[in-house]
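Reader: I'm new to reading protein models. Could you walk me through one, feature by feature?

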Amino acid sequence: MDEASGMHYWRAVMAVAKRWLTTYIRYPTWVISVLLWPVLFPFGYVFSMRALAGPTGEALSSFAQLAGTTDYVTFLVTGTTFWMWFNIMLWGLGGSFRMEQLRGTLESNWLAPLPKTFLAVGVFLAEALMGLVQLSMSMLTIALVYGVRLAGSPWALLSLILISIPSIYGTGLIFASLVLVAKEINGLIFFVRGLITVFCGVTYPIAVLPGWMQSVSRVLPLSHSVSAVRAVLAGGGFGTIAGQLRYLAVSGAVLMALGFLAYAIIQRRMLHAGTLGQH
Amino acid sequence: MLKGWPQHLRALGAIFRKDLQVFMSYPVNAVMRILEPLMWMTPVYFMARSFAVDGVNIGLRAYTGTTDYVAFFVLGAAISSYVSAVFWGMGFALKNEMDTGVLESNWLTPAPLLVQMLGRSLFSLFLTTVNMLMIGCCVWLLFGFEFTGRVLPALLTVAPLLVALYGFGLGLAGVVLITNNANNIIDLVSNNITILSGAHFPVTVLPRPLLAISLALPLTYAYDAVRGQLLGTTTLMPIAMAQAILVAFMFVTVTAGLIVFGRIQDRCRQMGTLAHH
């Protein structure tokens, strides 16, 4: 790509990102997903845990043995906040190409004389930006409503969030490409987020799982993000989460590369098969 | 003009067949209808295990009289899935038709709008029933649970609730027409009403202000009465009283839903905003 085409490419990327953000803000109910959902989503789990703990906390000792804390509220809302970040990414980035397919604009956009990755990069940038805004707002609201406090290093927390981005959005790009082939998003989202809910220790300590499920859990980057955030909130710093940071950096690079590769493969396949406009 | 029930039934049948055809065209979706609830049940099972003392949920027993959290949750999930089926079946179907540009043309057909709205939820209800039966069997095999009471009286308890939900679903569909956005609104309303009504936990664990809201929601008494009938849990009030509340709720919501949807529909027609999305 020469300099002029490079400029055209980035202009197209920014146009996609701008269009995505404009559409997102166009529907005023986006506020709900940013401000209300992070507070409301854990609600059912918090009170289920309270019921399971018993009126005098008679069952809390069992939970503490597995989770290392009796503060089940902080344990839970940390898991659900990251789960929601992942979920919002799946619907946004994961559904972006599918939405264009449904609205009949995917074919015309792909006719632009640019490398077809401009769509993926544009949506990724907009989604990552909005995702970070949502995550920040979510953390603020759960701190206010559930009284979650950061006892550890804020810089470790920030680094952890930033280093989680490639693994989360890399998964999203792979997912978005698969959605184009399957031509169905709801079922796939339910499946992926279901796996995350089961294996990443969102609502319970991973130690309660059978051995084989714990092995699966250790492979998933989000398990590392969630456990590291819990460690930092409990007072940890860079030293406490060094292992998780390394794992997230490597898995993030691999997943981002796989994401763009999947997009390129699916794009070629659909152009050859002529199925781009079908839905 | 379509007049009389035979034509209305034909329209309902056509909408049902259309939805069935769409559903069967996306096999991934069909498979996920079974897998997804199991994926939601699995964390619940492990969450309950993480609080179990010597394998028994003594904390739950102190609140409800039962130690079987899986059965407690399954019953809540079954009722919630019908709430969700009616809400999504109506509101989300409207949004889908807006997005694909067929809402206006559908409204131009002689089939009354109410019949169209009812039709949109029929397949959803059918699917939910089949789904619940299959998932109930899977959860029973995987995690195990036991109902100690009789099923038929419990079904009669929830029957008026189902009719009442249609009234609520109509009002919600009206809101979707105004805001042009379905996901957030339906998710917010459907999820939080069910949770606040005790779909996942006994409402007695709620702090007083939330308990007051919960006790004002008729859905709370549906969860409570059905669990009382099938699991023998301690109920908030005598079951006959809860049943009377549900019947009254049915008349109120159906009337209110019809009024709200009718007014919003007229407004959309006057403003010409039906095709906006």
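**Reading the model step by step**

Author: Let's start at one residue: Asp54(B) counts as exposed, at 78% relative accessibility. The scale, for protein chains only and with a 1.4 Å probe, runs like this: buried is under 20% relative accessible area, exposed is over 50%, and partly exposed is in between. Before going on, note that this is a predicted model, where local features need pLDDT of at least 70, side-chain atom pairs count only at pLDDT 80 or more, and totals for chains, interfaces and linings use all residues. Residues are numbered from 1 along each chain as its sequence is written, chains are lettered from A and ligands numbered from 1 in the order in which they are written, and side-chain values use heavy atoms, with hydrogens and water left out.

Reader: Where is Asp54(B) in chain B, and what is its phi?

Author: Here's the general idea: most residues other than glycine have a negative phi. Asp54(B) isn't a glycine, yet its phi is positive, about 50°. You'll find Asp54(B) in the loop between H2 and H3 of chain B.

Reader: How do I read the helices and strands of chain B?

Author: They are DSSP runs numbered from the N terminus: helices are H or I with at least four residues, strands are E with at least two. Chain B has 11 helices and 0 strands. Its radius of gyration is 20 Å, close to the 19 Å from the globule rule for 277 residues, so chain B is as compact as a globular protein of that length. That radius is taken over C-alpha atoms, and the rule is 2.2 Å times the number of residues to the power 0.38. Buried residues make up 51% of the 277 in chain B.

Reader: Is Ser214(B) buried or exposed?

Author: Ser214(B) is buried, with a relative accessible area of 0%. It belongs to helix H9 (residues 208–216) of chain B. Contact means heavy atoms within 4.5 Å. Beyond its neighbours within four places in sequence, Ser214(B) is in contact with Leu196(B), Ser197(B), Val203(B), Leu206(B) and Thr220(B).

Reader: And where does Phe126(B) sit?

Author: In helix H6 (residues 113–142) of chain B. Phe126(B) is partly exposed, at 41% relative accessible area. Phe126(B) and Phe16(B) are 110 residues apart in sequence, but 9.5 Å apart in space, C-alpha to C-alpha.

Reader: How many residues of helix H3 of chain A are buried?

Author: 10 of the 11 residues in that helix (residues 43–53) are buried, so it is largely enclosed by the rest of the structure. Among them are Phe43(A), Tyr45(A) and Phe47(A). Just after H3(A), Gly54(A) has a positive phi of about 95°.
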